[in-house]
Amino acid sequence: MALTSLSWCLCAALVLFWPQTHSALAPENEVPLRPTTWLPEGKITAITLPKGRTRRLYFTLKKKTPGMSVTVSPCDLPIEWSLAARTLKDKPLKSLQWSTKKSVPEVWWRGPGTEEKLHSFTGTEVDTYEGPSYPHTSVYILRLCSKQNNSRATVFLHEGLGPSGAYPLLPADPRVHTLGVGMTSVTLSWAPSDSITSLPPTQKSYKYCVLANSQQNYPSVCAAQQSVRKEKDQQQVKKERRRRVTAWPILKEWWWQQWDSESQSTPPSLADEFADLQCVCQGTESVCTVSELLPETQYYFDVFLIDRLNGTSAAYKGTLARTHEEARPTITTLRDGELRWVTFQDRGSRSEQFFSFRPRGLQQSGLLTLQSCSKGDKVKVTVSSKGQVLTQKAVRGELEHIWLQGSPSYLIHLEREGTTTDPALPGGLTASVKLQTSSAYHRRGVPSLPSTLQIKSFNRLRGCNTITLAWMGTEERSLYCVYRRKLGNSEAETGAMTAPCLGPESRSDTERVLCKYFQELNPRRAVTTAVIGGLEPGMAYVFDVYLMRRWGIPIKYASKIVKTRKEC
């Protein structure tokens with residue numbers, strides 16, 4: 001019972017007397033009982049800025065110091081910082097019974113005095129205050145605060161007049177200029193720094209580092225490094241989503257709020273600072289060409305001047321540029337039923353051509369027919385609509401049909417791969433692919449083709465003036481035309497007669513022998529014959545048969561050479 005009564009008395013005493021003691025001090029003059037951070041001279045001090053918490057750094061100047069400079073370098077977020085000089089009217093009395101946990105600045109806070117604000121700044125840029133010293137000042141107070149989020153900053157105190165030499169010098173015009181922009185490269189230039197131009201060639205303590213990204217310009221190396229770390233952390237979080245949640249993050253946040261430790265830390269070394277950065281250009285040259293960029297993409301470029309000895313850096317004013325778009329190919333519009341001979345101008349390398357076709361009718365269906373005219377060419381056709389590839393095929397000597405259905409327009413891409421071994425196409429042709437597009441609103445699919453394109457002649461029915469030819473037809477009613485030509489001694493002319501791309505439009509009307517319609521519903525019995533008369537005895541003729549259709553490229557059968565009898 002005695003112990004219980006004693007604990008209750010202690011609690012009552014704390015409740016009664018603690019608020020009065022706590023309220024005796026104004027909020028501005030409250031100094032928590034914790035270690036005080038003194039700002040050393042000539043040394044870079046890195047500090048952590050918790051969100052919404054004001055960090056204080058204190059320093060005094062040596063006697064007879066004519067001036068001073070304070071440089072604050074924020075990391076990735078804007079911070080507010082101010083410098084004030086506090087002067088006490090009277091020195092603290094040594095007879096006062098101060099707690100051993102109270103620091104000297106806390107004693108000064110409780111004493112009467114005046115405070116004068118010397119400088120204030122808000123932003124993400126590196127800011128420096130330069131001014132004379134105040135002989136009657138008791139202590140200088142540097143306050144820093146980050147209101148957006150947890151951040152970092154570095155502080156450097158220099159006693160004396162003139163530059164401190166801890167940071168590289170930027171030129172009068174610290175802007176980065178764009179000299180040239182290409183499709184995959186950008187050339188940059190900037191005014192050289194006096195820190196580099198004033199050094200002898202043998203000394204290489206400074207260097208430029210150029211960074212390129214597609215997000216934003218960075219005000220400092222720390223901000224660029226922080227962005228890279230955030231991306232890595234986000235990737236790591238995605239991999240560890242199933243990780244068990246603990247109470248440590250909550251405890252850690254509470255610890256920062258309760259114990260505002262203003263500990264000093266040495267700045268990271270140069271190797272650590274640039275461990276996660278990839279400089280596209282390094283060295284002492286003030287011109288850089290950034291290559292391997294994506295076309296039609298906006299990039300941000302930053303130039304940092306690095307001091308390897310002190311481990312500091314200075315940032316030029318970054319710029320942005322948008323790379324040029326890729327050269328868009330010419331797209332040729334195909335008319336309905338148009339027969340086109342596609343040529344590739346550059347026969348020594350890869351080439352391509354683009355066509356567009358818009359079928360008629362509500363069904364939005366069409367038929368694409370292609371035929372390669374050269375055995376040495378490797379031609380690939382790709383049909384797409386609204387950026388989605390519908391089909392891909394290799395076009396060879398045989399006829400290729402591609403059924404188009406379901407889209408209002410189609411993009412046809414012809415691409416020749418490899419080089420052509422033939423010096424010229426057979427028969428003096430200048431085309432590599434024969435192409436035709438037709439609306440097929442009256443059809444439901446690809447038209448049927450003959451089972452074979454061979455022409456057969458009957459030796460028993462071969463006479464001095466007549467021969468008999470036979471070929472396979474289809475179950476659809478179509479027109480078949482037979483052409484003949486007397487065979488000469490020239491092999492080139494013989495090759496021309498066997499060229500698969502030679503159609504009836506390239507033949508003379510005098511060469512046409514006959515045209516006939518044929519249809520057989522049974523594919524096995526779809527054989528038709530024709531008797532060709534008016535021939536000379538003992539002469540060789542080349543016969544060609546063409547399947548004429550209302551849409552699509554005419555189908556050419558394999559040429560047949562037949563020689564009439566000399567004697568009958």
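Strand S27 (residues 467-472) and strand S26 run antiparallel and are joined by 2 bridges. This is a predicted model, in which local features need pLDDT of at least 70, side-chain atom pairs count only at pLDDT 80 or more, and totals for chains, interfaces and linings use all residues. Residues are numbered from 1 along each chain as its sequence is written, and side-chain values use heavy atoms, without hydrogens and water.

**Sheet**
- The order S26-S27-S30 makes an open sheet of 3 strands with antiparallel pairing.
- Strands are DSSP runs (E, at least two residues), numbered from the N terminus; two of them pair if DSSP finds at least two bridges between them.
- S26 (456-457) and S30 (527-532) each have a single partner strand, so one side of each lacks a neighbour in the sheet.
- Lys456 stands opposite Ala470 in S27.

**Aromatic pairs**
- Rings of Phe, Tyr and Trp (its six-membered ring) pair if their centres lie within 6.5 Å; planes under 30 degrees apart count as stacked, over 60 as edge-to-face, the rest as tilted.
- The count by this rule is 10 aromatic pairs.
- Tyr480 and Phe518 are edge-to-face, because their planes stand at 65 degrees, with centres 6.3 Å apart.
- Tyr480 is in strand S28 (residues 478-486) and Phe518 in strand S29 (residues 512-518), so the pair ties together parts 38 residues apart in sequence.
- Tyr541 and Phe543 form a tilted pair, 6.2 Å centre to centre and 40 degrees between planes. Both are buried.
- Trp190, Tyr208 and Tyr316 are linked into a cluster by ring pairs.

Notes:
Helices (H or I, at least four residues) and strands (E, at least two) are DSSP runs, numbered from the N terminus. Buried means under 20% relative accessible area, exposed over 50%, partly exposed in between (1.4 Å probe, protein chains only).
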